[in-house]
Amino acid sequence: MTIPNILTLSRVALIPVVVLMLFADDPAMRWWSFGLFTLLSVTDYFDGYLARALNQSSALGALMDPIADKVLVAALIAGLLARGDIAGWDVAGAVLILSREFLVSGLREFLAQRDLPLPVTKLAKWKTTAQLVALALLILAPLAEPGQLLAISGVWWVATALTLITGFDYVRSAARQLQAIAGEQ
């Protein structure tokens, strides 16, 4: 067990705690949920950084890191939807984000079976950051003023737009790779 793997696996283990805290009716619990979610989000950066810096990259880390990211995002979206914190038109953003995440995961698996890479892009890293920031703000949305709610919704839609753009880029890249293989046969 390496430090980066411990961070990644801890992130997965603590996701249910973050979501469960959303269901307490105490505003202080929202702040605790926000704090823990922020900590888990930051470990997404540090597990990769430490794996490279300490030369502790591993197959387990390569497998679990993207899964941890997607589970963190999906679980929090589900919890916020269940609480009504994501509502109205913002639900469409949730559906788009979740759909893209499943699509890209499926594409990666499909391409991996054919030994074709679908590397993570810099824009996709920004997408993840935007999603995490938007979700952190949505945790605090019940405590926000009307003007702040509009800003939170704006951040949510920026994250949704980046999610769609990167999803399109991945689909286009996968299609090019598959066409190249079909042309060779």
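Visitor: What conventions apply to the numbering and to the atoms used?
Guide: Residues are numbered from 1 along each chain as its sequence is written, and side-chain values use heavy atoms, with hydrogens and water left out. Because this is a predicted model, local features need pLDDT of at least 70 and side-chain atom pairs count only at pLDDT 80 or more, while totals for chains, interfaces and linings use all residues.

Visitor: How many aromatic pairs are there, and what are the distance and plane angle for Trp31 and Phe34?
Guide: Rings of Phe, Tyr and Trp (its six-membered ring) pair if their centres lie within 6.5 Å, with planes under 30 degrees apart counted as stacked, over 60 as edge-to-face and the rest as tilted. By this rule there are three aromatic pairs. Trp31 and Phe34 form one that is edge-to-face, at 5.8 Å centre to centre and 80° between the planes.

Visitor: Why are Trp31 and Phe34 separated by about one helical turn?
Guide: Helices are DSSP runs (H or I, at least four residues; strands are E, at least two), numbered from the N terminus. Trp31 and Phe34 are separated by about one turn because they are three residues apart in helix α2 (residues 27-53).

Visitor: Which residues are linked into a cluster by ring pairs?
Guide: Tyr45 and Tyr49 form a stacked pair, 5.8 Å centre to centre with 15° between the planes. They are four residues apart in helix α2, so about one helical turn separates them, and Tyr49 is partly exposed at 40% relative accessibility. The cluster linked by ring pairs consists of Tyr45, Phe46 and Tyr49.

Visitor: How far from the ring centre of Phe110 is the charged end of Arg114?
Guide: A charge sits over a ring if NZ of Lys or CZ of Arg is within 6 Å of the ring centre and within 35 degrees of the ring normal. The charged end of Arg108 sits over the ring of Tyr170, 4.9 Å from its centre. For Arg114 over Phe110, the distance from the ring centre is 3.7 Å.

Visitor: What are the packing angle and axis distance of helix α1 and helix α3?
Guide: Axes are lines fitted to C-alpha atoms, for helices over the stretch in contact, and angles run from 0 to 180 degrees between N-to-C directions. Helix α1 (residues 3-22) and helix α3 (residues 59-83) pack at about 5°, with their axes 9 Å apart. That makes α1 roughly parallel to α3, a term for angles under 35 degrees, with over 145 counted as roughly antiparallel, 65 to 115 as roughly perpendicular and the rest as oblique.

Visitor: How many salt bridges are there, and which residues form the network that includes Arg11?
Guide: A salt bridge is a side-chain nitrogen of Lys or Arg within 4 Å of a carboxyl oxygen of Asp or Glu, and the count comes to ten. Asp65 and Arg11 form one, with their closest N and O atoms 2.8 Å apart; Asp65 lies in helix α3 and Arg11 in helix α1, so the pair ties together parts that are 54 residues apart in sequence. Arg11 counts as buried, at 0% relative accessibility. The network of salt bridges links Arg11, Asp44, Asp47, Asp65 and Asp69.

How values were computed
Buried < 20%, exposed > 50% of the residue type's maximum accessible area, 1.4 Å probe, protein only.
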